[in-house]
Amino acid sequence: MELYFSNKTRKSLDAYESKYLALFEKTLNYLNLGLNYSMSVTFVSLKKIKEINTVYRNINRPTDVISFAYLDDIKEKNISYEGMLIDLGEIYICYDVAIKNAKKYGNSDERELCFLYVHGLLHLLGYDHMKKEDEEVMFSLQDKILPPTKKEN
């Protein structure tokens, strides 16, 4: 299992590398997928997340998290590459939007940043929330992996 962590902001976010690695392992274990996966997560600026959202989703505004899955639907496939890591994809998190959301939803900054990571990771693993029944499955998994809490900063 490997996590490629990158911070393209001016914020000190190095502590999230170990938090995200632990959540990565917890998620893979919870879903019984084994640990032969890799992925990347990058913290980006408002300008960069808006650019990514515009180019890839045709939505001309910033967002909190965007994920790019390299595999179509890993939860439906029994993929086994003996001894090789399978690259799940990339997650981009906008720190500024995440912090704004934390205040809006009454979460701590850490809780919000970890929530966005788990949300993006589940997308990389093939989960979605476009249909109500899919949303229920995905959001239930999010709550099991990262139980909801309401904390002040």
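Q: Where is Asn-32 found?
A: In this predicted model, Asn-32 sits in the loop that runs between α1 (15-30) and β2 (37-44).

Q: Is Asn-32 buried or exposed?
A: Asn-32 is exposed, because its relative accessible area is 69%, and the cut-off for exposed is over 50%.

Q: And what is the phi of Asn-32?
A: Phi of Asn-32 is near 55°, which is a positive value in a residue other than glycine. For background, most residues other than glycine have a negative phi.

Q: OK, what about Asn-58, what is its phi?
A: Phi of Asn-58 is near 60°, again positive in a residue other than glycine. The residue lies in the loop between α2 and β3.

Q: Buried or exposed, that Asn-58?
A: Asn-58 counts as exposed, with 70% relative accessibility.

Q: Switching topic: how many helices and strands does the protein chain have?
A: The chain has five helices and four strands. Along the sequence they follow the pattern β-α-β-α-β-β-α-α-α. The radius of gyration is 15 Å, close to the 15 Å from the globule rule for 153 residues, so the chain is as compact as a globular protein of that length.

Q: What does the C-alpha trace span along its principal axes?
A: About 40 × 35 × 30 Å.

Q: Which share of the residues count as buried?
A: Of the 153 residues, 43% count as buried. The accessible surface of the chain comes to about 8900 Å², and carbon and sulfur atoms hold 48% of that.

Q: How about contacts, what share of those with a separation of 6 or more is between residues 24 or more positions apart?
A: That share is 65%.

Q: Let's zoom in on Ile-91. Where is it found?
A: Ile-91 is in strand β4. This isoleucine counts as buried, because its relative accessibility is 0%.

Q: Which residues does Ile-91 touch, leaving out those up to four places away in sequence?
A: Ile-91 touches Met-39, Ser-40, Val-41, Thr-42, Val-65, Ile-66, Ser-67, Tyr-117, Gly-120, Leu-121 and Leu-124.

Q: Where is the place of Leu-71?
A: Leu-71 is in the loop between β3 and β4 (86-94). At 22% relative accessibility, Leu-71 counts as partly exposed. The C-alpha atoms of Leu-71 and Asp-87 are separated by 8.3 Å, and the two are 16 residues apart along the chain.

Q: Last topic, pockets. How much space lies in the largest pocket?
A: About 660 Å³.

Q: Which residues lie nearest its centre?
A: Arg-57, Asp-64, Val-65, His-119 and His-129 do, out of the 24 residues that line the largest pocket. Val-65 is also among the residues that Ile-91 touches.

Q: Which helices and strands supply at least two residues of that lining?
A: These are α2 (46-57), β3 (65-69), α3 (95-105), α4 (109-124) and α5 (132-145). The largest share, five residues, comes from α4.

Q: And how do the lining residues divide into nonpolar, polar and charged?
A: The lining of the largest pocket has eleven nonpolar, eight polar and five charged residues.

Note on methods: Residues are numbered from 1 along each chain as its sequence is written. This is a predicted model: local features need pLDDT of at least 70, side-chain atom pairs count only at pLDDT 80 or more; totals for chains, interfaces and linings use all residues. Side-chain values use heavy atoms; hydrogens and water are left out. On a 1 Å grid over the protein atoms alone, a cavity is a set of points where a 1.4 Å probe fits but cannot get out, and a pocket is an open set with protein on both sides within 12 Å along at least five of seven lines; lining residues have an atom within 4 Å of a point. Grid points are joined across faces, edges and corners, and a volume is the space filled by probe spheres set on the points. Ala, Val, Leu, Ile, Met, Phe, Trp, Tyr, Cys and Pro count as nonpolar, Asp, Glu, Lys and Arg as charged, and the others, Gly among them, as polar. The radius of gyration is taken over C-alpha atoms; the globule rule is 2.2 Å times the number of residues to the power 0.38. Buried means under 20% relative accessible area, exposed over 50%, partly exposed in between (1.4 Å probe, protein chains only). Contact means heavy atoms within 4.5 Å. Accessible areas come from the Shrake-Rupley method with a 1.4 Å probe; for residues, only the protein chains shown count as cover.
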